Amino acid sequence: NDPLARKLLLVVDFANTSLLNPPKMSVALESLRILQDHYPERLGVAFIIDAPWVMSAFFNAIWHFIDPVTREKIQFLTQEGEARARHMAQYFDLSELETQVGGHASEPFQS
């Protein structure tokens, strides 16, 4: 009776973004729109990892326009190391999750 069984757990890692290499806000908006408009009941949790301040400011600006059900499912993670691993272990088998997002998998994810 796992409430997240058969739900989408989304991990978005912004570790390689910076002011010189910022995330595209149009992509973030479109992704959010697709999730809340077309898959509102399929999203279990969306983990936003190491979001740059620009992304945090962007989300703060639009936070009240995001559907409340979707908003409850978004988690911004800033913890590192064991703290991140403990948090992610609540949702994932850490042996399947890449190290930079809190797991122990030595092989990179292949989509």
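Q: In which helix is confidence highest, and in which is it lowest?
A: This is a predicted model, in which local features need pLDDT of at least 70, side-chain atom pairs count only at pLDDT 80 or more, and totals for chains, interfaces and linings use all residues. Residues are numbered from 1 along each chain as its sequence is written, and side-chain values use heavy atoms, with hydrogens and water left out. On pLDDT, the predictor's confidence in each residue from 0 to 100, the lowest mean, 82, belongs to helix 1 (residues 25-38), and the highest, 93, to helix 4 (residues 81-89). Helices (H or I, at least four residues) and strands (E, at least two) are DSSP runs numbered from the N terminus, and the names asked for are helix 4 and helix 1.

Q: How many aromatic pairs are there?
A: Rings of Phe, Tyr and Trp (its six-membered ring) pair if their centres lie within 6.5 Å; planes under 30 degrees apart count as stacked, over 60 as edge-to-face and the rest as tilted. By this rule the count is 5.

Q: Why is the pair of Phe59 and Phe76 classed as it is?
A: The ring centres of Phe59 and Phe76 are 5.2 Å apart. Their planes stand at 75°, so the pair is edge-to-face.

Q: Is Phe59 buried or exposed?
A: Buried means under 20% relative accessible area, exposed over 50%, and partly exposed in between (1.4 Å probe, protein chains only). At 8%, Phe59 is buried.

Q: Which residues form one aromatic cluster?
A: Trp63 and Phe76 have ring centres 6.4 Å apart and planes at 55°, so they make a tilted pair. The cluster consists of Phe58, Phe59, Trp63 and Phe76.
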